[in-house]
Amino acid sequence: MNQLDRHYQDLLFNLIADGRVKETRNGKTISIFGHQIRHKMSEGFPLLTTKKMYWKGIVTELLWFLRGDTNIKYLVDNDCHIWDGDAYKNFEKTCQFERDANHILPDEWMSISDDYMSVDVLTQEEFINKIKTDDEFAKTWGELGPIYGKQWRSWKTSDTKSLGGTFWGPTTEITENSIDQIANLINDLKTNPDSRRLMVNAWNVGELDQMTLPPCHYGFQVYTRELNMEERSTIQIQTNDYASFYTKEEMDNNNIPKRAISLMWNQRSVDTFLGLPFNIASYGLLLEIIAKEVNMVPDELIGNLGDVHLYQDHLEQARQQIVREPYALPKLIIDQFDESNHYIGDMDDVSEYNIEQFKLQGYQSHPAIKAPLIN
């Protein structure tokens with residue numbers, strides 16, 4: 001039975017019934033503080049069925065994070081537009097500042113084309129078309145700052161090395177470095193899977209002011225446990241066509257997973273109607289990818305949610321979704337063959353996956369429910 005949709009519908013109902021009305025920076029909301037979602041991955045992939053979900057967009061954004069990318073061009077090129085408004089808003093603010101201050105436009109802008117001098121006539125649609133068709137424009141205006149992908153794959157740090165003393169005092173040399181949290185996590189899972197430090201953080205306090213939007217889901221932690229022989233036997237029967245293995249040695253020799261892995265993410269701000277269903281599926285997909293990389297079985301997905309809110313403009317849509325009867329959850333297939341049916345094999349890095357490899361089996365849903373994206 002699909003408990004995930006039921007839990008989500010209950011949350012929508014509780015927000016409408018008991019939420020506190022607030023005036024926020026981007027509109028009126030009703031909200032509660034503190035909620036947890038738990039889902040057993042064995043019950044199906046956590047993609048809601050009470051409204052049709054934008055699966056390709058979910059996959060595209062997560063792969064964008066895992067690439068360490070912070071420019072919307074990759075998203076736009078793959079027809080994913082969930083960050084368009086943030087980039088466009090940043091573009092508008094910059095151009096408005098230039099006009100208000102009576103400054104000339106930046107050198108980077110001037111070097112692109114004189115046509116871009118009329119910045120006030122660029123609609124969001126025109127802006128996104130420029131991102132898609134003009135690499136130099138995209139390089140300048142598609143950048144969102146050091147958001148998720150940058151922090152996950154290239155957290156900036158520095159080392160200070162003493163070079164000894166001189167007549168004027170001690171001298172030092174500062175070297176800029178970066179930390180790949182995803183690579184470190186995967187290595188730690190392979191070498192020390194019972195560690196209590198299996199974490200990835202996006203809330204870099206020193207760089208928040210450089211981000212177009214501070215992280216809403218600001219960190220995640222994983223946890224592993226050993227599988228017993230009965231669990232391993234069940235897994236190998238479900239995933240292999242050949243006869244059962246009866247001994248631990250046989251299972252080990254045939255690479256049957258030894259551990260289950262769970263993931264818990266933390267989220268400070270939750271757009272419950274549009275954002276949360278997306279976040280649940282995205283972290284479910286991340287759990288599946290990490291599990292595949294370290295040969296473990298996805299176990300439990302947990303979301304710790306802070307300010308959980310519904311925008312006033314989403315209330316009618318939420319009421320519509322609450323009364324829908326859930327379907328069974330789908331199954332995720334990670335295909336190891338490309339579109340030409342050539343074997344791709346295991347990835348050397350999680351950033352090497354492509355969008356087409358992630359397929360849903362048995363996904364049935366109610367129709368989509370349109371609602372405005374509020375930035």
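Guide: Gladly! This is a predicted model, and the lining of its second largest pocket divides into 19 nonpolar, 11 polar and 10 charged residues. That pocket has a volume of about 1100 Å³. Of its 40 lining residues, the closest to the centre are Asp271, Leu274, Gly275, Leu373 and Ile374.

Visitor: Which element gives the largest share of that lining?

Guide: Strand E7 does, with five residues. Other elements that give two or more include strand E2 (27-40), helix H12 (275-293) and strand E8 (297-311).

Visitor: What makes Lys40 and Asp299 a salt bridge?

Guide: The rule asks for a side-chain nitrogen of Lys or Arg within 4 Å of a carboxyl oxygen of Asp or Glu. Here the closest N and O atoms are 2.8 Å apart, and the pair qualifies. Lys40 belongs to strand E2 and Asp299 to strand E8, so this bridge ties together parts that are 259 residues apart in sequence. Both residues also belong to a network of salt bridges with Arg225 and Glu231.

Visitor: Are those two partners buried or exposed?

Guide: Asp299 counts as buried because its relative accessibility is 11%, under the 20% cut-off. Lys40 has 32% and is therefore partly exposed.

Visitor: How do you know that Glu23 and Lys28 form a salt bridge?

Guide: Their closest N and O atoms are 3.7 Å apart, and the limit is 4 Å. Glu23 is called exposed because its relative accessibility is 62%, and exposed starts over 50%. Lys28, with 32%, is partly exposed.

Visitor: What separates Lys73 and Asp77 along their helix?

Guide: About one helical turn, because they are four residues apart in helix H3. By the same rule the count comes to 18 salt bridges.

Visitor: Where does pLDDT stay under 50?

Guide: Over residues 109-118, for which the model has 18 contacts beyond four places in sequence. Where pLDDT is low, the predicted coordinates should not be read in detail. For the chain, mean pLDDT is 89, and 85% of its residues reach 70 or more.

Notes
Residues numbered from 1 in each chain as written. Predicted model: local features only at pLDDT ≥ 70, side-chain atom pairs only at ≥ 80, totals over all residues. Heavy atoms only, no water. 1 Å grid on protein atoms, 1.4 Å probe; cavity = no way out; pocket = protein on both sides within 12 Å on 5 of 7 lines; lining within 4 Å. Points joined across faces, edges and corners; volume = space filled by probe spheres on them. Nonpolar A, V, L, I, M, F, W, Y, C, P; charged D, E, K, R; others polar. pLDDT = per-residue confidence, 0-100. Contact = heavy atoms within 4.5 Å. Buried < 20%, exposed > 50% of the residue type's maximum accessible area, 1.4 Å probe, protein only.
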